[in-house]
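Hi,

Here is the structure I promised to pass on.

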Amino acid sequence: MATITKETVPSQSTVKEKIHGMLGVNRQDAKLSLVLISIAFIAFLLGGILGLVQGLNRAGLFELPSWLNYYQVLTGHGVLLVLVFSTTFTIGYFYAAFSHTLGGLLPKVRKMGWAGLGLMVIGVVFVATTIIMGDASVMYTFYPPMQASPWFYVGLVFLVLGIWLYAFGAFINVAHWRKNHRGEHLPLLAYFGVGVFVLLFIGSFGVTAEVLYIIPWAFGWIDTINVMLTRTLFWSFGHTLVNIWYLAAVSSWYVAIPKLIGGKVFNDSLARLVVILSVVLNITGGFHHQIIDPGINEGIKFMHVFMSLSIGFPSMMTAFAMFATFERTGRKKGAKGLLGWVKVLPWGDVRFLAPMIAMISFIPAGAGGIAQTNNQLDQVVHNTMWIVGHFHLTLGVSVVVSFCGIVYWLVPHLSKRVLTPKMNKLGVIQTLIWTLGMIFMAGSMHIVGLAGSPRRTSYTTYGDNATALGWDPYLFFLAIGGTLLIIGCVLMFYIVFHLMFKAPKGETAFPIAEQEEGAHATPYWTERWTVWIILMLAIVAMAYVIPLVDMIFNAPPGSPPFRTW
Amino acid sequence: MKQAIYGLILYVFLILPPVASLAESVMTIHMHMQMPLLVVVGFLFTPFLKQTFPNFFVQWNAKGVPGILLFMVITVYWMLPRAMDEALNIRAIETFKFISLPFFAGVPLRDSWSKMNRLWKSITFIFLTLTYGMIGILYILTPIQLCNNYLMLEQKTLGWSSLVTALCFLAYLILNVTIDKSKYE
Ligand code: HEM
Ligand SMILES: [Cu+2]
């Protein structure tokens, strides 16, 4: 099977791909993905534990020991979950997807994958060490003028380089496939993968520039820094990263779920259009994280409301497509009445239940996001716990639970094992505990945020101020949610490694739904990535040049570094 | 016909005085948003106009070259700082902007594009890359204010965004030259 990835003439390679598809996974490719997924879930467990520590502290139930600082814990939680967990899982998943749908990774690409992993591990070691030593309690956003140890930023450079290697690997593999399949459409899942790696690569330009600007400042070679500029560059990446996970989750909704419930892809062209729109419109959304920032004038902020809302559009298309798929499949199975199809869906199958919950949670989560992106409404919730509630819904449920849903078939597929009914049941329990935990936690975060409780603030009663005391009941619920979540976290950790090493041997298929019969042919312009990338760059230019030039040429005096912890 | 209606809606929207004055209040948006959108209006009108006046397009723009030359002249004209200034100060010039960009730039560009051979398409791309690049460098480096209506910093901003636009064109050109499409399609 190792020969499959050798350069082959087109006709031969398709035959080989078919054989490959039947025989299951390429061992060497699987190993890479499994290692990435393992790292992801180790980070998940550690990050979850830190999350519990925070939750208990904020509820006033747990005082941190003197050698541990709340902001250090918060930095660890953010970095582990946002940077390490989400990114390594996304990459592992899409590399498995490329391996499966493109007939194996090229040996060269697999090598790049391991090298990328090496770079990322080096990066994480730098970052983690500085955080543990207490020299980098700057939160995962590392906003200047807070200044961490310079080695923290050096670690970030390694992380970015690792990500770039993975992106190049993906592009090389896809180009190779297209050479051997002239005129064909890239398989849908791989198409999502291209979108994700284009975003990862181009979206990281801004943060790379930022880090390269911070490093001389952190080493003391330059005295001051332009704070607005760094924040803007950060969010051009930060926001993109959010949509990268989202696209990863959505890809499984479009491609895997219909197969698992016995349906077909709703509409291939629509799915591809969602990818294109998400890629082209994405990066400029970064400004909605800076609605309250001074130094950006109202005109620009006004323009960006539209930029930001436009990203809601592909999400609506997705919601429509998903529910249409469910209804069609349900009706095919003989469901009657307006909502009869809801009942025939396989609710007891965790591979369906988890992503379904993820989708449903995206309804309130998305609505919250649309509210927040409006300047006046954001004034009320900015930097309060509301925001934390918002992203524990979007990221902590929609994305995380989708990823967990992927685990139940991807990990057994890669490790040549099967999901037993017992594991399935445990999975259902895990999903329900996690969901309940998040309802408690994110729910109370939303409410207490509206009541004014700030985010990123360790426990304090502000000298027994009445308002601050009024937050306590909600913060208590937050802690209850956190406790449920840590149970879910440990269960998930167990499930992942059980499926990897202990579950009974067997073959698990990679679920890829087929197109509806007689579906319209997908137009070929969807494959014109050069056009989409240039269009995306042009939109980025349109959105960023005016504010960036203003920030640079009208800059106030720069800021010296601060160490706030 | 549908396209023409969308075009008309966009056209009217852009002409609305509050929209026009908002767009013109920022130099970069004036040149890089309002003007291109007016060209897009022309794109949207083209199929309708071709249907209504088929002979005209065949007679005057058989191979697409006259059309593209007209497009180039109009674009270069609107890149002159002086032209932007006058559009703000003189009603007639403003009117000319709203007519010339859709009808003398947008319409001929779309009509010509499908008629032109590879050479002329490349010439158009190179022309756009060069003009944007030059105008970008000019605006960035000029030490004096070129427009009466816009401050130095706005001018610099426009310079940078023109330069970035030129780079986008350049990237597209390079990708098109280096990627052999026949290998993939
Ligand atoms: C065991 C489950 C979890 C618990 C108990 C938990 C708890 C918390 C709490 C209490 C905060 C707010 C701290 C503050 O602003 O003062 C927080 C912040 C945060 N959490 Fe979680 N969380 C959990 C899981 C997750 C997951 C799964 C993710 C993402 C994948 C996540 C991402 C974040 C992020 C990005 C922040 C913001 C960090 C910052 O402000 O710098 N959390 N978490
Ligand atoms: Cu965002």
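Below are the notes, going from the whole chain to one residue.

This is a predicted model, where local features need pLDDT of at least 70, side-chain atom pairs count only at pLDDT 80 or more, and totals for chains, interfaces and linings use all residues. Residues are numbered from 1 along each chain as its sequence is written, chains are lettered from A and ligands numbered from 1 in the order in which they are written, and side-chain values use heavy atoms, with hydrogens and water left out.

Chain A has 18 helices and zero strands (DSSP runs: H or I of at least four residues for helices, E of at least two for strands, numbered from the N terminus). The C-alpha trace spans about 70 × 50 × 45 Å along its principal axes. Of the 565 residues in chain A, 60% are buried (under 20% relative accessible area, with a 1.4 Å probe and protein chains only). Take the contacts (heavy atoms within 4.5 Å) in chain A with a separation of 6 or more: 85% of them are between residues 24 or more positions apart.

Now for one residue. A:Asn424 sits in helix α15, which covers residues 421–450. Is A:Asn424 buried or exposed? A:Asn424 has a relative accessible area of 16%, so it counts as buried. Leaving out residues up to four places away in sequence, A:Asn424 touches A:Gly348, A:Asp349, A:Val350 and A:Leu419. With A:Gly348 there is more detail: its backbone oxygen is 3.1 Å from a polar atom of the A:Asn424 side chain.

Cheers

Technical notes. Buried means under 20% relative accessible area, exposed over 50%, partly exposed in between (1.4 Å probe, protein chains only). A polar contact is a pair of N or O atoms within 3.5 Å; within protein, one must be able to donate a hydrogen and the other to accept it, and residues adjacent in sequence count only if both atoms are side-chain atoms.
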